[in-house]
Amino acid sequence: MPKIFERLDHKKDKDIRVLGNFISIFCREKHRGQARSIFPIKDARLRHSLGNKDLVLCRDCGKLLSHGIAKLLICPYDPKPMCKKCETHCYAQGYREKIRKIMRFSSLYLIKHGRLDLMVHYLF
Ligand SMILES: [Zn+2]
């Protein structure tokens, strides 16, 4: 599916980075007890979007991140609006609730740890 990555632009790049960061913070803090492994990234552009680092995620969080990346890439809006302001609920049933919970948790986590620089904006 290399074609899909041609849809990466600066904005989506940033959103994917936030998505990856936020999900990995949540997984690290909340899913410590679960089997976690490196999130597989085959595409170099996607790896770059995710900050050129390995994300260690549990299976569920890995699935959620794949889902989120796919939805971002196929977003029909140009420019893409902030997801939390968007009227199209493109996430599958259950994923939207999960991602909102993660966004809330991780943004609070970053605030508490003084890492507002990583927060850019929050998506959901
Ligand atoms: Zn997890």
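A: Happy to. This is a predicted model, in which local features need pLDDT of at least 70 and side-chain atom pairs count only at pLDDT 80 or more, while totals for chains, interfaces and linings use all residues. Residues are numbered from 1 along each chain as its sequence is written, and side-chain values use heavy atoms, leaving out hydrogens and water.

The chain has a radius of gyration of 14 Å, which agrees with the value near 14 Å for a compact globule of 124 residues. That radius is taken over C-alpha atoms, and the globule rule is 2.2 Å times the number of residues to the power 0.38. Along its principal axes, the C-alpha trace spans about 35 × 30 × 30 Å. Of the 124 residues, 43% are buried, where buried means under 20% relative accessible area, exposed means over 50%, and partly exposed is in between (1.4 Å probe, protein chains only). Among contacts with a separation of 6 or more, 72% come from residues 24 or more positions apart; a contact means heavy atoms within 4.5 Å.

The chain holds 4 helices and 2 strands, in the order α-β-α-β-α-α. These are DSSP runs numbered from the N terminus: helices are H or I with at least four residues, and strands are E with at least two.

Now to H3 itself. It covers residues 59-73, and its 15 residues reach 21 Å from first C-alpha to last, close to the 21 Å expected at 1.5 Å a residue. The expected span is 1.5 Å times one less than the number of residues. Buried in H3 are Cys61, Gly62, Leu64, Leu65, His67, Gly68, Ile69, Leu72 and Leu73. Their cover includes helix H1 (10-30), helix H2 (44-49), strand E2 (56-58) and helix H4 (95-112).

In the loop between H3 and H4 sits Pro79, joined to Asp78 by a cis peptide bond with omega about 0 degrees. Asn52, in the loop between H2 and E2, has a positive phi near 55 degrees although it is not a glycine. Most residues other than glycine have a negative phi, and most peptide bonds are trans. Asn52 is partly exposed because its relative accessible area is 49%.

Strand E1 (residues 36-38) contains Ile38, which touches Asp54, Leu55 and Val56, leaving aside residues up to four places away in sequence. With a relative accessible area of 48%, Ile38 is partly exposed. Ile38 and Ser49 are 11 residues apart in sequence and 16 Å apart in space, C-alpha to C-alpha.

Arg32 belongs to the loop between H1 and E1, and counts as exposed because its relative accessibility is 58%. Arg32 and Cys58 are 26 residues apart in sequence, with 8.8 Å from C-alpha to C-alpha. Over in helix H4, Lys112 is exposed, as its relative accessible area is 70%. The C-alpha atoms of Lys112 and Asn21 are 16 Å apart, for 91 residues along the chain.
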